[in-house]
Amino acid sequence: MSKQIVNLTELMVTQGIDLVLSTYPRDPYQITFQAPELRDKLILYVLRRTPSCHIVVNLDQLPTLRSKILGLILSQQQQIKSLIHEGIHQLLSMDVIQLIYYPPAPDSLNTPLSSM
């Protein structure tokens with residue numbers, strides 16, 4: 001049987017992001033983190049601040065592995081959840097939120113700086 005190394009922490013973080021984001025308003029949080037680039041940055045933000053837990057599994061065990069993750073690293077759940085919240089607020093700064101809710105007028109985008 002073929003075996004593979006699986007980063008349980010990464011799996012838990014990706015699942016945790018979906019759970020945590022579901023507690024935030026759709027606009028702008030959920031919409032913003034649907035973008036793959038920003039979602040990847042959030043995953044990296046959390047992974048860089050969390051000790052990793054890896055296991056070796058048979059490839060035929062991979063489909064059932066996701067359902068067992070929560071029980072395998074209970075001690076990290078709260079830390080990961082806190083880091084996800086922290087990462088969301090770091091990556092989606094108030095400036096970005098302000099831009100989403102109060103975008104500049106289209107006319108002001110073409111106005112030279114000297115005339116402002």
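In the predicted model, proline 28 is part of helix H2, which spans residues 26-32. The peptide bond that joins aspartate 27 to proline 28 adopts the cis form, and its omega is near 10 degrees.

Helices H1 and H3 pack against each other. Two packed helices are described by the angle between their axes and the distance between the axes. The axes of H1 and H3 come within 10 Å and cross at roughly 120 degrees. Angles of 65 to 115 degrees count as roughly perpendicular and those over 145 as roughly antiparallel; H1 and H3 are therefore oblique to each other. Their crossing is right-handed.

On the H1 side, the contact with H3 is made by Thr9, Glu10, Val13, Thr14, Ile17, Asp18 and Leu21, and on the H3 side by Arg39, Leu42, Ile43, Val46 and Leu47. Seven of the residues in this contact are nonpolar, two are polar and three are charged.

Among the residues of the contact are Asp18 and Arg39, whose side chains form a salt bridge with an N to O distance of 2.4 Å. The pair links distant parts of the chain, with aspartate 18 in helix H1 (residues 8-21) and arginine 39 in helix H3 (residues 36-47), 21 residues apart. A search of the whole structure finds one salt bridge. Aspartate 18 has a relative accessibility of 45%. Because partly exposed residues lie between the limits of 20% for buried and 50% for exposed, aspartate 18 counts as partly exposed.

Methods:
Residues are numbered from 1 along each chain as its sequence is written. This is a predicted model: local features need pLDDT of at least 70, side-chain atom pairs count only at pLDDT 80 or more; totals for chains, interfaces and linings use all residues. Side-chain values use heavy atoms; hydrogens and water are left out. Helices (H or I, at least four residues) and strands (E, at least two) are DSSP runs, numbered from the N terminus. A salt bridge is a side-chain nitrogen of Lys or Arg within 4 Å of a carboxyl oxygen of Asp or Glu. Buried means under 20% relative accessible area, exposed over 50%, partly exposed in between (1.4 Å probe, protein chains only). Axes are lines fitted to C-alpha atoms, for helices over the stretch in contact, and angles run from 0 to 180 degrees between N-to-C directions. Angles under 35 degrees count as roughly parallel, over 145 as roughly antiparallel, 65 to 115 as roughly perpendicular and the rest as oblique. A crossing is left-handed if the near helix is turned anticlockwise from the far one by less than a right angle, and right-handed if clockwise. Contact means heavy atoms within 4.5 Å. Ala, Val, Leu, Ile, Met, Phe, Trp, Tyr, Cys and Pro count as nonpolar, Asp, Glu, Lys and Arg as charged, and the others, Gly among them, as polar.
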